[in-house]
Each structure stands twice: as structure tokens, then as C-alpha cells.
Amino acid sequence: NVVCKQLGYPNALAYKHAASFGQGSDQIWLDNVQCSGSKKRVHSCSASSWGTNDCSHEEDAGVVCQSVRLVGGTYDSEGRVEIFQNGQWGTVCDDYWSINDAHVVCREMGFGGAISYKTRAFYGAGTGPIWMDDVFCTGREGRLRDCRFSGWNSHKCRHAEDAGVVCRGNVAFSHVFNPNNKYLPVTNNSLRKQCRCSIGWRLFFQ
């Protein structure tokens, strides 16, 4: 949670051990990291002395940050699709919305795929920005934001056209987390070259 919030995301979906996203090559700066979840920067968490570790890069830690959510459904596996951009949750317009788009959303959230897709604000109209329109996913993308679309906040829609999905109820993170996908777009220079050993690495839900 601390790493994701430091990078501008609301929360973490999962934490990863054993260099799940590939091994780094630079200095291992942090080991035995323990965060309460309320810290604003991972540097402020309890850890061994800076640069002191007994790790190899085979133990590099990773996170998967939350950038999509489902709202308004009866179950966690269904709802209106909302995406986090520029520090704010917003919706997706249903123009060209398809089962391939739904598959990408569901897999990004850790489900095995989609059962169906919904249009015309099936789960209720959202509020705030409509971040995406004319979305076109092949179904192989790792994240919704990697799909082709008209551009952030570029749309011709109303919230009556908010898109939704119904995901398969079984969580299947093995479909999502693999070394070839880049679910943590590191844009903070202070984190880009700092590998963290995965010993003591865990996730605190709030």
C-alpha cells in the first residue's frame, strides 16, 4: 500500500516475492521492510540500515497497484468499471465496449476472465470524469489503460453510458502476475533504481 500510494495509486492489490517481475541489477537498498500502511513513503518504513542486506536479486520484491475497480454490483466480481487517473476515479464510456475489454478488466483485477460485459450504466451512473471512450482491447493487454482508446477525458458520452463487467467469481492471480507484464509503471525517480529485498514484504489492507 505504501509503495502504491507513493506512486500515486490508491492502494495495492497484491504483493509479490522472489523477483516475480524479473530481477533488478542495481544496489539492493532496503531489506526487512515493515510498513504499518499509514506511511507516505517506503523510505520511512522500518527496515535494516540503508543498503544493508543479506539478499540476492532473486528475492526482489514487487507490488501490483490498484488502478481499476468495480462499483455498484451485488458481488465483488461485477460492477461499473472505474479507472484511477490523475488522482481521481472516473468511468469508462460504453462506445465499442466488448467482451475483450471486459476480459482485460477482469484479469487486471485478478479474476480468470469475464462472463459478460454491460452497457448503458447497467450498474448505475457514475460521477466525476469519464476517463475513457472508444475503448478497443484485443483481450491480450495486461491493463485496461494499455488498450486503444480516444484519449484521457476525451469523449462524447454521458454517465448514462457507463460501462460495466461481470467477472468470473474465482480469483486467479496466476493469469495476471507474470514477469512479461508491467503492472507497476514506475514514474518516481526515487524508486526507479532502488530494488527491495522481499524478506518481510507483505500487504496491509486498510
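What share of the contacts with a separation of 6 or more in the protein chain comes from residues 24 or more positions apart? The figure is 75%. Keep that in mind while reading the model, which is predicted.

Start with the chain as a whole. The protein chain has 206 residues, and 48% of them count as buried. Its accessible surface comes to about 10200 Å². Carbon and sulfur atoms make up 46% of that surface.

Next, the secondary structure. The protein chain contains three helices and ten strands. Follow the sequence and the order is α-β-β-β-β-β-β-α-β-β-β-α-β.

Now look at the cysteines. A search of the whole structure turns up five disulfides. Three of them are worth a visit here.

Take C93 and C157 to begin with. A disulfide joins them, with 2.0 Å from S to S. This pair links distant parts of the chain, 64 residues apart. C93 lies in the loop between β6 (88-92) and α2 (99-108). C157 lies in the loop between β8 (130-132) and β9 (164-167). Is this pair buried or exposed? Both C93 and C157 are buried. The torsion about their S-S bond is about -85°, so the disulfide is left-handed.

Move on to C106 and C167. Here too a disulfide is found, with an S to S distance of 2.0 Å. The bond ties helix α2, which holds C106, to strand β9, which holds C167. These two cysteines are 61 residues apart. Both C106 and C167 are buried. Why is this disulfide left-handed? The torsion about the S-S bond of C106 and C167 is about -85°, and so the disulfide gets that label.

The next stop is C137 and C147. They form a disulfide with 2.0 Å from S to S. C137 and C147 are ten residues apart, and each sits in the loop between β8 and β9. Both C137 and C147 are buried. The torsion about the S-S bond of C137 and C147 is about 105°, so this disulfide is right-handed.

Turn to the aromatic rings. A pair of aromatic rings is described by two things: the distance of the centres and the angle of the planes. This structure has five aromatic pairs. One of them is F122 with Y123. The ring centres of F122 and Y123 lie 4.9 Å apart, and their planes stand at 80°, so the pair is edge-to-face. What about cover? F122 counts as exposed because its relative accessibility is 51%, and the cut-off for exposed is over 50%. Y123 is buried, with a relative accessible area of 13%.

F149 and W152 form an edge-to-face pair as well. Their centres are 4.8 Å apart, with 65° between the planes. W152 counts as partly exposed, at 31% relative accessibility. Which residues do ring pairs link into a cluster? They are W131, F149 and W152.

Go back to F122 for a moment. Its ring has a charge over it: the charged end of K118 sits there, 4.4 Å from the ring centre.

Two single residues close the tour. R69 lies in strand β4, residues 68-72. R69 counts as partly exposed, at 28% relative accessibility. Which residues does R69 touch, leaving aside its neighbours within four places in sequence? Its contacts are R80, V81, E82, W89 and M109. One of these, V81, is twelve residues from R69 in sequence, yet their C-alpha atoms are 6.0 Å apart in space.

Find H159 in the loop between β8 and β9. H159 is buried, because its relative accessible area is 17% and the cut-off for buried is under 20%. Beyond its neighbours within four places in sequence, H159 is in contact with T91, A121, A125, G126, T127, G128, P129 and I130. With T91 there is also a polar contact, side chain to side chain, at 3.3 Å.

Key:
Residues numbered from 1 in each chain as written. Predicted model: local features only at pLDDT ≥ 70, side-chain atom pairs only at ≥ 80, totals over all residues. Heavy atoms only, no water. Helix = DSSP H or I, 4+ residues; strand = E, 2+ residues; numbered from the N terminus. Buried < 20%, exposed > 50% of the residue type's maximum accessible area, 1.4 Å probe, protein only. Contact = heavy atoms within 4.5 Å. Areas by Shrake-Rupley, 256 points an atom, 1.4 Å probe, with all protein chains shown as cover. Disulfide = S-S within 2.5 Å. Phe/Tyr/Trp six-rings, centres within 6.5 Å; stacked < 30°, edge-to-face > 60°. Lys NZ or Arg CZ within 6 Å of the ring centre and 35° of its normal. Polar contact = N/O pair within 3.5 Å; in protein donor to acceptor, adjacent residues only side chain to side chain.
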